[in-house]
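Please look over the sequence and structure shown here. The report that follows takes the ligand site, the strands, the cores and a few single residues in turn.

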Amino acid sequence: MTSAQFDTLLLEVDSDRIATLTINRPDKLNALNAQVLDELKKAFEEINGDVRIGAVIVTGAGDKAFVAGADIKELNRLNSTEGQKLAAKGQAIFSQIENCTKPVIAIVNGYALGGGAELAMACHLRIATENAVFGLPEVSLGLIPGYGGTQRLPQLVGKSKAMELILTGRQIKAHEAEEEGLVNDVVPSEESHEAAKKIAGKMLKNGPVALSKAIAAVNAAYRSEGFSKEAELFGELCDTEDFKEGTTAFLEKRKADFKGR
Ligand code: COA
């Protein structure tokens, strides 16, 4: 079954009750613009309510990127109020994914930067292809992660490593991500779907209600006030000259010249 109702996503369900949701803007490296976010929200509402779906695989179209982040062209125009609102919206949608009643497995098939890394971290498990690259490079744009990255990265890799990665914006490859506990497995690209389907298949042998309660129970330990603080600070940064300079420099394909204002 294929769902034709989305412009930026592909949703297919196979005979094993496994849905594959593909973010489909390969010419922009699957960057998360407003339309992708809105469609992700709708897709997960549909997935949660569809009894034919038992588990979900989330991936990116093409062989270069999972998702290269929030759409920097859209970010560039934001003021502080709009920035805070956008972060809160992105966080709500990623929280919807994290709280999906069915297991959600990300196949990280290339760049997972900024919002892309945050999307992968909101999924329950991550399988990386060998060319996967993770990073939260927002500080290089004069910004901070706004879709939960400052909260979920420390949960997955610990505070010290998370501080290093967030403050340097350093990008790490698949095997380092595995060593740090950020991904569950690294596989060759051509085996990634089989690997994700295999693990989803093992989960689907279990009681569906138990799966949903297990997800809810694990998630219960990770709620934090930090999410709203992250959205507030993300918004504040949208009013800074550094943010305008950082995002404009990316769009103009040049190095940013930050003034600390
Ligand atoms: N938002 C909007 N557009 C993006 C994007 C993003 N996050 N990431 C990539 N794109 C666009 C590029 O602008 C380019 O568009 P164009 O062909 O119209 O110029 C296209 O996708 C291809 O990207 P390009 O940068 O040319 O590919 P590359 O192979 O040289 O570099 C990356 C790949 C991922 C290293 C680079 O695109 C990048 O750094 N992206 C931004 C990552 C980021 O900072 N994300 C966090 C955002 S909060």
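## Ligand site

Which of the 18 residues around the ligand come nearest? They are Lys28, Lys64, Ala68, Ala70 and Ile72. Keep in mind that this is a predicted model.

In the side chain of Lys28, an N or O atom is 2.4 Å from an oxygen atom of the ligand. Lys64 has a polar side-chain atom 2.6 Å from a ligand oxygen atom. Ala70 uses its backbone: a polar atom there is 2.9 Å from a nitrogen atom of the ligand. On its own, the ligand has 850 Å² of accessible area, and the protein covers 71% of that.

Strand β4 spans residues 55–60, and six of its six residues are buried. Ala55, Ile57 and Thr59 point one way. Val56, Val58 and Gly60 point the other way. Both sets are buried.

Strand β3 (residues 18–23) is a partner of β4. The two pair in the parallel sense, over six bridges. Within this pairing, Thr22 stands opposite Thr59 of β4.

Is strand β8 largely enclosed or open? Five of the five residues of β8 (residues 125–129) are buried, so the rest of the structure largely encloses this strand. Leu125, Ile127 and Thr129 cover one side, and Arg126 and Ala128 lie on the other. All are buried.

β8 pairs with strand β6 (residues 104–108) in the parallel sense, over four bridges. Ile105 has Leu125 of β8 as its bridge partner. β8 also runs parallel to strand β11 (residues 185–187), joined by three bridges. In that pairing, Ile127 has Asp185 of β11 as its bridge partner.

## A four-strand open sheet

An open sheet has the strand order β5-β7-β9-β10, with mixed pairing. β5 (65–67) and β10 (172–173) stand at its edges. Each has a single partner strand, so one side of each is left without a neighbour in the sheet.

Strands β7 (residues 111–113) and β9 (residues 133–135) pair in the parallel sense. Three bridges link them. Leu113 stands opposite Gly135 of β9.

## Nonpolar cores

The largest nonpolar core has 62 residues. Which members touch the most others? Phe44, Phe94 and Phe134 do. Helix α1 (residues 34–49) gives the most to this core, with six residues.

Leu9 sits in strand β2 (residues 9–13). Leu9 is buried, with a relative accessible area of 1%. Leaving out residues up to four places away in sequence, Leu9 touches Leu21, Thr22, Ile23, Asn24, Val36, Glu39, Leu40 and Ala43. Asn219 is another matter: C-alpha to C-alpha, Leu9 and Asn219 are 26 Å apart in space, and 210 residues separate them in sequence.

Ser80 belongs to helix α3 (residues 80–98). Its relative accessible area is 19%, and the cut-off for buried is under 20%, so Ser80 counts as buried. Not counting residues up to four places away in sequence, Ser80 touches Gly235, Glu236, Cys238 and Asp239.

## Positive phi angles

Most residues other than glycine have a negative phi. Leu29 is not a glycine, yet has a positive phi of about 50°. Leu29 is found in the loop between β3 and α1. With a relative accessible area of 26%, Leu29 is partly exposed.

Lys253 also has a positive phi, of about 55°, although it is not a glycine. Where does Lys253 lie? Lys253 is in the segment after α11 (241–251). Lys253 is exposed, with a relative accessible area of 79%.

Note on methods. Residues numbered from 1 in each chain as written. Predicted model: local features only at pLDDT ≥ 70, side-chain atom pairs only at ≥ 80, totals over all residues. Heavy atoms only, no water. Core = buried A, V, L, I, M, F, W, Y, C linked by side-chain atoms within 4.5 Å. Buried < 20%, exposed > 50% of the residue type's maximum accessible area, 1.4 Å probe, protein only. Near = heavy atom within 4 Å. Polar contact = N/O pair within 3.5 Å; in protein donor to acceptor, adjacent residues only side chain to side chain. Areas by Shrake-Rupley, 256 points an atom, 1.4 Å probe, with all protein chains shown as cover. Contact = heavy atoms within 4.5 Å. Pairing = 2+ DSSP bridges.
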